[in-house]
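Colleague: I have a chain open and would like to go through it with you. Can we start with the salt bridges?

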Amino acid sequence: MNIHDGNVTTVEGVKDPKAKVPAIRLFLRGLWSENPGLCQLLGMCPLLAVSTSAVSALGLGLATLLVVCLSSFIISLLRRLILREVRIPLYIVLIATLVTVVRAYTQAWYPDLYSSLGIYLPLIVTNCIIMGRAEAVAGRENPLRSLLDAAGAGIGFALVLFVLGSIREILGSGTWMAGAGQTLGSWASGFESVLYNHDYTYLVAVLPPGGFFVLALLIALKNAHAIHQRNRRENRFRIKSSRD
């Protein structure tokens, strides 16, 4: 890489740090390489507290996804009208308004889910994922790119939340998606499953320590996969270099 007159130029195989990230990569990085739950470790409070069952985890994940997408899209639309000095308070007001709407909708149409989520539904306002996407991307990019970035981060967080809740419910209760029909509606009753007898369950899985253990296992698996992929790329490069 050469620097001349303040401009960064690149040679083949070296990425320009100022280059714009492709739109599809904005979406994909939130799903895996920069997953908020597994890489950035954001939203740990609801991630561990609500993930005692797959249904409650899915409900909070979808609510968070909806808020982060709407907030990023609206902030991006209004970014040129928002003064930089007051952007954080305005972001908080907008996010709080969206969370209030989602909370009211959930209370009206899904009262059982609303009861199971408790205080963690309004606490979406304080979720660092939403404010992080607004500050890092939505306040600087166009609405489409902001929406893709928010959708990737929101879906990535919801997937981690759902997987964590599913594992903890299976180990701690021997069931999967228990109460889905009553909580989410009759359409979800077909997903309810009893996998094995309650006598063989591990109570620690649904307790706070179990949340930390399962989350640590998921993070370890992701890191192991990343190391494996990096080693494969290095080995391919070595083979090509030796042939040359």
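Modeller: A salt bridge here is a side-chain nitrogen of Lys or Arg within 4 Å of a carboxyl oxygen of Asp or Glu. Keep in mind that this is a predicted model.

Colleague: How many salt bridges by that rule?

Modeller: Five salt bridges. One of them pairs Glu34 with Arg29, with the closest N and O atoms 3.8 Å apart. That pair counts because 3.8 Å falls within the 4 Å limit.

Colleague: Is Arg29 buried or exposed?

Modeller: Arg29 counts as buried because its relative accessibility is 15%, and buried means under 20%. Glu34 is partly exposed, at 34%.

Colleague: What does Arg133 pair with?

Modeller: Arg133 forms a salt bridge with Asp149, and the closest N and O atoms are 2.8 Å apart. Arg133 sits in helix H6 and Asp149 in helix H7, 16 residues apart, so to speak a link between distant parts of the chain.

Colleague: Why do you call Asp149 buried?

Modeller: Because its relative accessible area is 2%, and the cut-off for buried is under 20%. Arg133 counts as buried too, at 12% relative accessibility. Salt bridges with shared partners join Arg29, Glu34, Arg133 and Asp149 into one network.

Colleague: And Arg87, what is its partner?

Modeller: Glu135, with the closest N and O atoms 2.9 Å apart. This pair also links distant parts of the chain: Arg87 is in helix H4 (residues 87–109) and Glu135 in helix H6 (residues 128–138), 48 residues apart. Arg87 counts as buried at 18% relative accessibility, while Glu135 is partly exposed at 23%.

Colleague: Change of topic. How many helices and strands are there in the chain?

Modeller: Nine helices and four strands. Along the sequence the pattern reads β-β-α-α-α-α-α-α-α-β-α-β-α. The chain has 244 residues, and 37% of them count as buried.

Colleague: What about H7, how far does it reach?

Modeller: H7 covers residues 143–173, which is 31 residues, and spans 43 Å from first C-alpha to last, close to the expected 45 Å.

Colleague: Which residue caps its N-terminal end?

Modeller: Asn142 caps H7 there, with a side-chain oxygen 3.1 Å from the backbone nitrogen of Leu144. After H7 comes Gly174, which has a positive phi near 75 degrees.

Colleague: Now H9. Where is Val214, and what is it in contact with?

Modeller: Val214 lies in helix H9 and, leaving aside neighbours within four places in sequence, contacts Leu164, Ile167 and Arg168. The C-alpha atoms of Val214 and Ile167 are 7.6 Å apart, although 47 residues separate the two along the chain. Val214 is buried, at 8% relative accessible area.

Colleague: Is Phe212 buried or exposed?

Modeller: Phe212, also in helix H9 (residues 208–243), counts as exposed because its relative accessibility is 52%, and exposed means over 50%. Phe212 belongs to a nonpolar surface patch of about 740 Å², together with Leu171, Tyr202, Leu203, Val204, Leu207 and Phe213.

Notes:
Residues are numbered from 1 along each chain as its sequence is written. This is a predicted model: local features need pLDDT of at least 70, side-chain atom pairs count only at pLDDT 80 or more; totals for chains, interfaces and linings use all residues. Side-chain values use heavy atoms; hydrogens and water are left out. Helices (H or I, at least four residues) and strands (E, at least two) are DSSP runs, numbered from the N terminus. The expected span of a helix is 1.5 Å times one less than its number of residues. A polar contact is a pair of N or O atoms within 3.5 Å; within protein, one must be able to donate a hydrogen and the other to accept it, and residues adjacent in sequence count only if both atoms are side-chain atoms. Patches are made of residues with over 30% relative accessible area and no salt bridge: like charges are joined within 9 Å, nonpolar side chains (Val, Leu, Ile, Met, Phe, Trp, Tyr) within 5 Å. Accessible areas come from the Shrake-Rupley method with a 1.4 Å probe; for residues, only the protein chains shown count as cover. Buried means under 20% relative accessible area, exposed over 50%, partly exposed in between (1.4 Å probe, protein chains only). Contact means heavy atoms within 4.5 Å.
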